[in-house]
Amino acid sequence: MEHTTVISPEQIAAQLDCCQAVARLTAQWDAQPLAFVDTYGCQQNEADSERIRGFLAKMGFGFTDSEEQARIIVINTCAIREHAEQRVFGNVGALVHVKRRHPDTLICLCGCMAQQPHVAKKIRESYRHVDLVFGPHALWKFPEMVHGLLVQRGRTFSVDDEAGSIAEGIPVVRQDRVKAWVSIMYGCNNFCSYCIVPYVRGRERSRRPEDILAEVRQLVSEGYKDITLLGQNVNSYGKDLDEPLDFSDLLEQVNAIPGDFLIRFMTSHPKDATQKLFETMARCEKVAPVLHLPFQAGNDRVLKVMNRRHTREQYLEKIKALKALIPDIVLTSDIIVGFPGETTEEFEDTLRVLEEVRFDALFTFIFSPRQGTPAAEMDDPMPREEKLANFNRLTALQDQISEEKHAAYVGKTVRCLLDGLSDDERYDLTARTPGNRLVRVVGDPAALGQFRDVRITGANKWSLFGELV
Ligand code: 5AD
Ligand code: SF4
């Protein structure tokens, strides 16, 4: 395997110097400048935005939810489906008015959309109010780019195609005080035929275990209770490291960190989910009894054209092995409906997997062609109405299963993490079961951030309801 490019500590120190240089400039402005950071897409993007905020804080920026008040606007984008891209184009287009009213406001577009050449071209040509465009590979150079814009104006594009790198030591401003994301690896080597991620996030590369463990220890000492290890394909963690260490070994080491906290991880690819992983999950008391294991489609011909490299039977075997070790495991999955050439008969194999596995929840998507991926070039004869009808059958079946599974919690007492204040006035708090099911809870809001027993008193297809014991 090729060696990963590591950004040196000196290079990061130079970026922190740029932050200070910006801070000296911003200190001369009338009031503390504010930054608006908007994030689309997955948890990896949330984690990247926390780093962007970390850099911005070092540059002297405070934060605002208003584009009007911001001196810098950062839109961190997602390219996974067309719908997400359309929303970004709409919102970025509307910023032209903000720029007209406040010409000094810097407008930055980053993330997975920015890494696609045709998007960068479109922004360059048709969204001339955007000052800075950079892809995920260039995030570590954000301070240098902002500094450049402030001292010499003009526009900056940093969207070169690269395999990607690892950068340690970037400051972080986290959005939550109870739950935290920890990226353990970046990129993806799988090239599922519908997916843009390998093109925009580069090759798989793993952070060193000592860096990950140090970050988790720090989070635990700060009181974080729910830690999610992130990667596009966490099961292939470590393949590019010199030391012989795989994802299960890493989980074991994170589990050994003292403290009362839960460990989650996502996303896993079925082809790399091993018996060793399942045994490790069963043995490690801090690892939450939940697995997000996308299967995408239930038909072997479709799976093959998707380049998933597993069959329906292999998937079901793995689920069976996992349930044998952890009977109360909470299972979730991703499914694509309407992949090019999938017939309604083939789609019905997906329904059969649902009936057999009985997932607790699903993330369901209608196929969206992504420029540059093989699937975007495939014949796609099924009319949209038929795809929609299949999609509705899928969600109706899952709603029924989710409702039944949730109903089985009623009357039980479950140790939950109280992770937020409720926006529904009938409840005080939100909580998560160990399996990450949402619970709306009546009880003293002072318990926020604690693990507490919750008696489950009701349920519907989306969530559970309960009261603090
Ligand atoms: N169209 C629809 N859904 C997609 N996903 C990835 N690419 C596409 C696409 N082109 C879904 C997959 C993946 C999840 C993150 O998004 O189900 O697991
Ligand atoms: Fe995309 Fe497949 Fe990689 Fe997941 S495993 S990020 S679906 S290419």
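**Strand pairing and the ligand site**

Guide: In this predicted model, Leu-417 has Phe-451 in S20 as its bridge partner.

Visitor: What makes strand S17 and strand S20 a pair?

Guide: Pairing requires at least two bridges. Five bridges join S17 (residues 413-421) to S20 (residues 451-459), so the two strands pair. They run antiparallel.

Visitor: How do you know that S17 also pairs with strand S18?

Guide: Four bridges join S17 to S18 (residues 429-432), and the requirement is at least two, so these strands pair as well. They too run antiparallel. Leu-418 stands opposite Ala-431 in S18.

Visitor: Which backbone atoms lie at 3.0 Å and 2.7 Å from a nitrogen atom of ligand 1?

Guide: For Tyr-194, a backbone N or O atom lies 3.0 Å from a nitrogen atom of ligand 1. For Ser-368, a polar backbone atom is 2.7 Å from a nitrogen atom of the ligand. Both values fall within 3.5 Å, and therefore both are polar contacts. The protein covers 87% of the 400 Å² of accessible area that ligand 1 has on its own.

Visitor: What is the make-up of the shell around ligand 1, by class?

Guide: The shell has six nonpolar, two polar and three charged residues. Among the residues surrounding the ligand are Ile-80, Gln-296 and Asp-334. Strands S15 (330-337) and S16 (361-366) each supply at least two residues of this shell.

Notes: Residues numbered from 1 in each chain as written. Chains lettered and ligands numbered in written order. Predicted model: local features only at pLDDT ≥ 70, side-chain atom pairs only at ≥ 80, totals over all residues. Heavy atoms only, no water. Near = heavy atom within 4 Å. Polar contact = N/O pair within 3.5 Å; in protein donor to acceptor, adjacent residues only side chain to side chain. Areas by Shrake-Rupley, 256 points an atom, 1.4 Å probe, with all protein chains shown as cover. Nonpolar A, V, L, I, M, F, W, Y, C, P; charged D, E, K, R; others polar.
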